[in-house]
Every structure is written in structure tokens, then in C-alpha cells.
Amino acid sequence: MFDLLSQPVGLTHYLIVGAVMFVAGAVCMATKRNALGVLMGIELVLNGANLNFVAFGSNFLERNPAYQLGLDGQIISLFVIVLAAAEAAVALAIVLNFYNNHSTVDVDRADELKG
Amino acid sequence: MESILSNLLLLAWLLPLASFCVILFFGPRLGTAGRGAAFVATGAIVSGFALSLTALILWVGAHGISGAHHADSADTHAADKALSPDSQVAVDPAAATVHLVAADHGDAHSDSHGGDHGHGRVGPKVAYFGDWYTLVDFDRLKITIGYYIDALTILMFTMVTLIASCIHFYAMGYMHDELHDVTDHEVTLSNGEHLKRPGRYCRFFQYLSLFCFSMLGIVIAGNIAMTFVFWELVGICSYFLIGFYIERKSASTAANKAFIVNRVGDFGMIIGLMALWGSLGTFSFGGEKNAAGDIVKSGMFTQARAEADHYALKTPEAMVESARQMGAEDPEHTGHVLLIVAGLGIFCGCVGKSAQFPLHVWLPDAMEGPTPVSALVHSATMVAAGVFLVGRFYPMFTPEVLLTIAIIGCITLFMAATIAITATDIKRVLAYSTLSQLGYMMFALGVGGWVAGMLHLITHAFFKSLLFMCSGSVIHAVHTNEMTQMGGLRRKMPITAYTMLVGCLAIIGAGVPTLVGLSGYYSKDAILAQALHFGKNNAAWDVMFYVAAAGAAITAFYMFRLWFMTFIGQPRDPSRYDHAHESPRVMWMPLVVLAFFAIFVATPADIENFTDPTASPMVQLLEQARPDGTGIDFSGQLAAVMMPAEHGSHDEEIHWAAGMIAFGTAMFGLLLACCLYWWRILDPEEVRSMFAPIHRFLRNKWWFDELYDAIFIRPTLFCGRCIAQFDRGAIDWLIDHLAIWMRSFTTGFDRWIDHLFVDGLINWVAQRTYALGIWLRKPQTGRLRQYVVFIVVGTMAMYLLATFGLTN
């Protein structure tokens, strides 16, 4: 585990950073009551995943072609960014509306969709 | 010869059927208002007559006209020389033994007269038989459409088609009213108006055609089952035709009565058929042939009168055998009883069809039909079918059965004659006269006079159809049946009057004794002679001769009463008299034709033996058809009765006595009628009041209708009502309650099943689904953060599962 600190930056490091971002994002989503905080958590999760795609798509980090995503990885991460932007736009609009109706952005108060 | 004859008669037989079908399908479209239907029907029957006549000529050409026919070349000379009926010389015994083989000796081989006189026939009679078509062929039961052609068949064919042709022409005139809409003045509707209906011209000729087909079917039938089929067909035609004016209550009742009474007779006939078929195993008269024409199964007649026994009647072996199988103690005796039962059964059918006592009640009522129908169906042909069947079935009748036939015939002839005295409806007089004459025929057959009975059947057909058509002509002119409203019509309608006079003279048997006479003279003399002959041999039954002779006197009386009341004296109803007129030519021409035949049909053609009644070609032809072995004396086993051979009655002494008695009685009746209704020496009213009880008795037709009403109809209705009551009270009640109980039970049961199983299943599924929904609802909290945790945990779980659970 600690060997990583002594090695040059490689795929594993990226994956670890991605995982940390992902977990941080997920925890952020699960714990933040503020809707904006949740959205930020979402961004973190998406970017953590993006980081993995980019890392797998890089020629420098992964030499074995069998594990390479190549250009696909880059493109998927671009798609994810676009999607995240679109999603953020929609989500922010929802949040804004929610705020207009309920004067709050607390997600715990938004439980009208319960079964 | 056989194929030509059978094909000719087949064609003559089927033509009326074709006509029936054509009229049935295209009737109203034939000519204006269906006028063409009459031409189709008449054309068919006239062609039938032409074919029958051709057949008759061919027959005479092949077999001669002599009663001693020339069946095969072996005995031709013997028959010519020794047995010519005209010569009364004795047969040379030597010639007989030389030329005749033993089997051919048959009829002549009798103790009393047989071989000594020239009458009778040598050898078996000529009869062609075979099958056209097999209806069903189970192993034992074979029913075919076949033919049995002898001289009688051909004579009957010619007679039926000739009379039917005349009547078809006559009906064209008589039924003229039916061409357009008819107002029936005898039917009053509930609103007080008379019934108006479309004419039924087509339908009338359609029924006539069907009737002719059925009647000819009986005549040509080659087996008794086929006879029975056509027997029923003429029955239904008779029903249709009696009920032609169906809207009249009297007509529909009469039609029903005729049909039901006939069923009673047919019931007996079916028993006879069962007895015959059950024991003999065949229905065929002559025998069943295979494709090659060989007889594979001997017919009924052959079984009863085997060639080896010289055609003497013997209980058939098959009957004895079936009696043995039934476990009879004395099979011979039981077999004989079986033969008697068969004979009586067949006769029972004939009693119904020929309206003999005690089933005579339908025939007078049958006069509700149109007059041409009365002339054709209810006097000349259909009612004679019973007599014809007795004649055809003659070889199977034991003396006991014949005695029964004679007694029934004797009762009928006397009873009907007495009723005819008081009847005032012109057609009813003729109906009772028909009954009486049918009684004569049966009587003649019953006392052993086969030729006499058959001859009377043929002569009677001519003069009775003539009489009926004359009466129809009168009715057509004065529009009433009641003789009390007629009188003096001779001046208005001379042709009808004088042709009817011919008919009356023929029916009373007018003639110069021992010399010459009208057709009835020959047949009635033959009957009385045979009756006298029978009486001489059976002293216990000689009373029947006197009854028959008395019947002859009564016949003469009522026939001339009818003629005088209708045509002589002053008109009783001037308005009807004024409107009367001679019938159109299409109606009187057939009268003239029939009058000609009524005079000459039985006249001897042989100039040398002109006074010998047996020299008549008709008698000779009938003699050819005489059933084998019936020309000899034979005695009953169970009853003390002896059937004398018919040619015994030609004995000079007997014939002279019978002729004189017949002449005397007829003259007595005629003179009595003259005294009462012409010269007015006696006043009929006075006579009537003098014999008031008898008059009432006769006027009410011996109270037969009332008697049957009391004996059969009322008890039947009473039983019916009782049973109906029981039906309603007990059976219906039970059924109703059973139904109610059952209904409530099934309702409850049904509900239970429905609730428990059908509804239960559906509800259970619904409830489970609902519960599942409620349970699945629980995780749906609506809390976003919780969902995220679920997602994470779920992802983790899937990851762990994929890592540890699914990989090996």
C-alpha cells in the first residue's frame, strides 16, 4: 500500500484519486441536506469516474493495449462532462423551483415522491 | 316378352309419378292459372293407358285369349284340342297322360269335376316376376321394387288407366271452378262471410297423378312389402282428396276418419306381414331371383302351393319349422294356425281399404271429396285394391280364412244395400252401393269364386265410375246432392240420364236370362252361381246365398229409386230445375265411353257360344291369371267348410237356377222401385210410415256411427281425459316440484362454488398483489439521501457479489 508513495505516478495512483473522489462525492450526497451540496457530491462522483476513464484511456499510464480504452476513454469523459453540465442545469432549475415553492433547499423536506 | 311387358308397364306406372313431380314443381306456371296441369296429368295417364293396352295386346298375342293358355310348347296341342273352354267335351285321359307331365296336371287332378270338364287350366299359370330395384338387403330381409305380371295385372292396368283417363277428362270440366278464386258457400267464417280462397286446380290434378301412380304400384307390386308401401300411398292420396275442401269441417273430419279407420285395418295387415315374413323369410310373391335370373328363394305362393303337391295348399314347411322353433306341441297344427293368422291379417288390411264391415264407416263420409275423386278413388280403383289384394293373395288363403271373407262380404253387401234404400244424398246412395258391391266381390272370393270376384271387380269399376260421374254431372247442374230437390232432370240432361240408366241396368245385372246381358249380368250371375254352388256343398252356410240374392233385389230397388227420383217425374225444386243444363262435352264424352264399357266389357266374343258366359274374353283372361291350384275343391282343416271348384258353378243346373234367381230378384226390386217412384201406385210416404222403426234404423245407418261412438270413441276419450288428469295432477306435479327443488339446489350449489373457488381465487391473487405492493412501498421513503445510500450499498453489494459470489 505504502509502496505507491515510492513509485512513479501510474495508473493505480489515478485510480486511487478517482476512488477517493468518488467516495467523497457519494458521502457528500448521502450526508448533505443542502440540495446544492448534493449536486456538488454528484459532480465529485462523476468526475471521479471521469478520472478513471481518462486514466484508462491514456497511452502513458497503461502500456498493455488489451487494457487500454484509448481515445474512447477521452470521448466518454467528454460525454460525461457534457452530461454533467446538462444535468446540473436541470438539477439547478429543479432546486430553484423547489426553493420557490418551499423556501428551502433541504432535500429531506423534498419527500413528496415517497411511496 | 317379359322384358317388353315389364318395361311397358314400368313406363305406364312411372308416367303419373313424372306428371306429379312436374305439377308439384311447375304446376301454377303451366298455362294460365295452371290450366296446363290438367293436360300434363291427363297426357300422362292417357299415355299410360296406351302402354297398358299395348301390353294387353302383346299378352293376348303371346298367350292367346283362351283360359287354357299355352304356357309351353309341350302341352300346346293338348290344351288346344282337349281343353278349349268353349268345347265341353271331356278330356281324353290318354291324351292327358301322354301330353301332360304330372306337374302340369295340377288343376285338372281333382276328385269331383276337375279333369272331366273343359274348364280350368292345364299347367301353372304364366306370371312374370322380378325386381327392378333393391331398397334394402339385410341378410334375411330383402325389400325390393319388383313386378309380378300376369293376366290380372295387365287387365287391372288397362282398367285403371282407362277409367282414370276418362275421369281426368271429366275432371277438367268438373273442376273448372277451381281455375279462379273460389267462394266456398259451405264454409262460413266467424264474421259471417263465406270463405274466399284461391283455386286449387293444379293441386287436384297433382293428387290425381300421385294416386294413379300409387294405385298402379299396388297392381304391379312383386312383393307384399311393396304392396304395403303403395297401399299406404293410396291411403294418403285418399286422405288428401277427401279433404280437398279442407276448410269444410265435414271434409276434414271425413278425411281423418278415413285415415284412422284404415290404420285399424293396416294394423292387422302388419301382423299378417310379420307372420309371413317371420316364418317364410320372404315377401316376394313369385320368388327372389339372382342376377342371372335363377330363382334363389322360392316365393310365398310357391312355398304354400308346391308344384310337387299339384299346387294343393299345404302349410309351408317354413311355417311348420318356425312353429317347431317356437316350441309348439303340434307344429303342423300351429303352422296351419300361423297360415290362418297371416291370411286373416292380410284380409284385415283389405277390410280397411275396401271398407268392409266392420270398418265400412269411412267410405260414405269419404263422399265429401270432389265427385271425380269419388268416381276414381272411392268406387272404381282404390277401394277395389282390397279386393284385388285378396285376389292376388288367394293362393295363401285357407278355407277357414275364405269362409271369414265370405261372411264379412255377405254382411257388408246386405247391410250396405239396406242403408242405401233410405239415403237421399245421391252420392251416399252410390257410396253404399259401392260398399254393397265390394261386399259382393269379397263374398265371391270367399266362396271360392276367384274369377267371379275379379270379374265383378272389373265390371263394377266401369259401371260404378260411370254412375258416380253421372251423379257428378247432376250435382254440377243442380248444385245439390239431395235427391229430394231433384226430379224430372231427364228432359234437361238426356245424355247424363241415359248413360246413368245404362249404369243402373249394369249394376243390377240386367239381361235376358241365359242369353245376353250387360256387364253386371255376367259378373253377378257368376257370383250367385258360385254362392249357390257353395251353399249346396255347405248346407250350414247356404243362407249366405239367400242373403246375396236378397241383396241383388235391394240393389235393383235402390238404384232405380235413385234414377227415378233424379230423372223422372215432376221437378221438386223448380228453381234448381230451371238452372239445370247438360254438362259440357268434356264431361259427357267420358260418360259415353264408360257406358260403352259398362255394357260390353264382359260380353262373350265368341258368336258360336254367345250364351256361354265363360266364353267372354275377360273371363278367359282372368282364367289365365287364376292362382295355381285354386280351381279344385278343397276343404278346411279346422272349420267344416268345403270350397267348391269354381267351374262347378258353370254346371248347367246351378247356373240356370242362379241366373233365374238373379233375374227374378232384380226384376222384383226394379218393379218395386217403379211402383213407388214412377207409377206412384204406392206412396213412398205411406210405406215409410208403415215401416217407421225399420226406416229409422236404416236411416241412421244401422246406428254404426253411434255404436262406434259409444264403444270406441267415448271410452277412448274418457280414458284420454283420465290419463290427462293423471298427467296433470300427478306426473306434472311431480316433475314441476322436482324441477323447483332441483333449481333451488343448483342455485345454492352454484353460488357456493362461485364464492369459494372462482371468486376466492381471484380475490386471493388480488390481495396478495396488494400486500406485495404495500410491502414494496416501504423502501420508497422519498428521502433523497437514503436513496443514495441504497444506491451505494446496492452497488457495493453487487460488486461484492460479482467479486466473491459469482466468480469461482
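Here are some figure legends for close-up views of a predicted model.

**View 1**
Strand β1 of chain B covers residues 128-137, and strand β2 of chain B takes in residues 142-149. For one pairing to look up, go to B:V136, whose bridge partner in β2(B) is B:I143.

**View 1. Chain B from end to end.**
Chain B carries 28 helices and 10 strands. Its radius of gyration is 37 Å, well over the 28 Å that the globule rule gives for 808 residues, so chain B is more spread out than a compact globule. The C-alpha trace spans about 145 × 75 × 55 Å along the principal axes. Buried residues come to 52% of the 808 in chain B. Of the chain B contacts between residues at least 6 apart in sequence, 75% link residues at least 24 apart.

**View 2. The helices of chain A.**
Chain A has 4 helices and 0 strands, giving the order α-α-α-α from the N terminus on. Its C-alpha atoms fill a box of roughly 55 × 30 × 25 Å along the principal axes. The radius of gyration of chain A is 18 Å, while a compact globule of 115 residues would have one near 13 Å. Of those 115 residues, 18% are buried.

Note on methods:
Residues numbered from 1 in each chain as written. Chains lettered and ligands numbered in written order. Predicted model: local features only at pLDDT ≥ 70, side-chain atom pairs only at ≥ 80, totals over all residues. Buried ≥ 20, exposed ≤ 12 C-beta atoms within 10 Å, placed from the backbone. Helix = DSSP H or I, 4+ residues; strand = E, 2+ residues; numbered from the N terminus. Pairing = 2+ DSSP bridges. Rg over C-alpha atoms; globule rule 2.2 N^0.38 Å. Contact = placed C-beta atoms within 7 Å.
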